Amino acid sequence: MSEKKSFKSYWSKFMSLNGSGVFLALVAFIILVSILAPRITGGQFLTWTNIIQIFRQQTYIGIIACGMTLVIITGNIDLSVGSQLTLLTVLCAQMSKTMGNLAIPATLALGFLLGLVNGLFVSGLKLNSFITTLGTSSMYGALALILVSGHTVRGDSALFDWIGSGSLFGVLPIPVVIMLVVVLIFAFVSKRTIFGQRLYAIGANPTAARFSGIKSGRDICITYILCGLCCALAAVVLIARSVSANPQAAAGKEMDIILAVVLGGTSVLGGKGSIWGSVIGFLFIGFASSGFTFLGFDQYIQWIVMGVILLVALASDVFSERGISIWKSRKAK
């Protein structure tokens, strides 16, 4: 009896963690694709080479998802991350031709400025974050196209080559190492610092946070700056991987980033979420995209499935916050 109660308590504690349901869905999906892929397309899904390839391809999404998590925890959103990534990638590639390795810190500085612009609009002018970042997304995307006239720009830096082809102990690619460092830093900031706790307070109850002396505008602006820095770092990783910058390569990637964060248990209404949950969401997107390819799914079908998953995740989040149960468990009389 005690063992049964102990199992139930551990299970309840596990399911209460952010992203626990998505983690179980991820495990089930990996098992399913591993069984079906050899029979449908003849490919082996669960191999170390494919796992590393998934991480290499999706690393930039995981990096930006860390910054997006902090923004959404405050009850806001940043729809401009895809356009920021595009613009910063183009600028970084162009600067690398004349500045060499100095293009990397210059890109980080530009990411800081782009995030600051969003932060000042949202926190300073008190504009709606959805509409504001939708507007800046259009601006950043158009600027990227204008700068290169719609053409692909090739980067030129020895450091890019090291980041793109190097590995730690010959096992973990440098981009994956960079993402893991970012995850650890943001996880520590969100859970172990006063600043992180203030963000949860702002998202949970902005009015109470203001009356308790928290400078909400300042902290929200900082989250947008951090998100901009994440976009800049992701731009460097993206150039290092592809050695070029396409002004339309990151179009629509904001959906993947938001999906990773929301699937990881971060509430779009604010006040709840974690970096580790977003990591699980990022892994789900990466393995799902690769798994669909192994199963022979068309790219457009993948987009439809991801869109449906995002809508379901958002709906369940809103229902949960409003206390609406989708189903009721039957209790024994």
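Mentor: Happy to! A residue is buried under 20% relative accessible area, exposed over 50% and partly exposed in between (1.4 Å probe, protein chains only). By that rule, 48% of the 333 residues of the protein are buried. Please keep in mind that this is a predicted model, where local features need pLDDT of at least 70 and side-chain atom pairs count only at pLDDT 80 or more, while totals for chains, interfaces and linings use all residues. Residues are numbered from 1 along each chain as its sequence is written, and side-chain values use heavy atoms, without hydrogens and water.

The protein has 14 helices and four strands (DSSP runs numbered from the N terminus: H or I of at least four residues, E of at least two). Among its contacts (heavy atoms within 4.5 Å) with a separation of 6 or more, 77% join residues 24 or more positions apart.

Now for our close look: the pairing of helix H4, residues 81–99, with helix H5, residues 103–124. Their axes lie 9 Å apart and meet at an angle of about 150 degrees. That makes H4 roughly antiparallel to H5 (over 145 degrees). On the H4 side, the contact is made by Gln84, Leu87, Leu88, Leu91, Cys92, Met95, Ser96 and Met99. H5 answers with Ala103, Ala106, Thr107, Leu110, Gly111, Leu114, Gly115 and Asn118. Sorted by type, the residues of this contact are 10 nonpolar, six polar and no charged; Gly counts as polar here, and the charged class is Asp, Glu, Lys and Arg.

Phe121 is partly exposed, its relative accessible area being 31%. Leaving out residues up to four places away in sequence, Phe121 touches Lys126, Leu127, Thr132 and Thr136. Between the C-alpha atoms of Phe121 and Thr136 there are 9.8 Å, and the two residues are 15 apart along the chain.

For a contrast, look at Asp256 in helix H12, residues 253–263. Asp256 counts as buried, at 15% relative accessibility. With residues up to four places away in sequence set aside, Asp256 touches Ile61 and Ile285. Gly62 is 194 residues from Asp256 along the chain, yet their C-alpha atoms are separated by 9.7 Å.

Terms used
Axes are lines fitted to C-alpha atoms, for helices over the stretch in contact, and angles run from 0 to 180 degrees between N-to-C directions. Angles under 35 degrees count as roughly parallel, over 145 as roughly antiparallel, 65 to 115 as roughly perpendicular and the rest as oblique.
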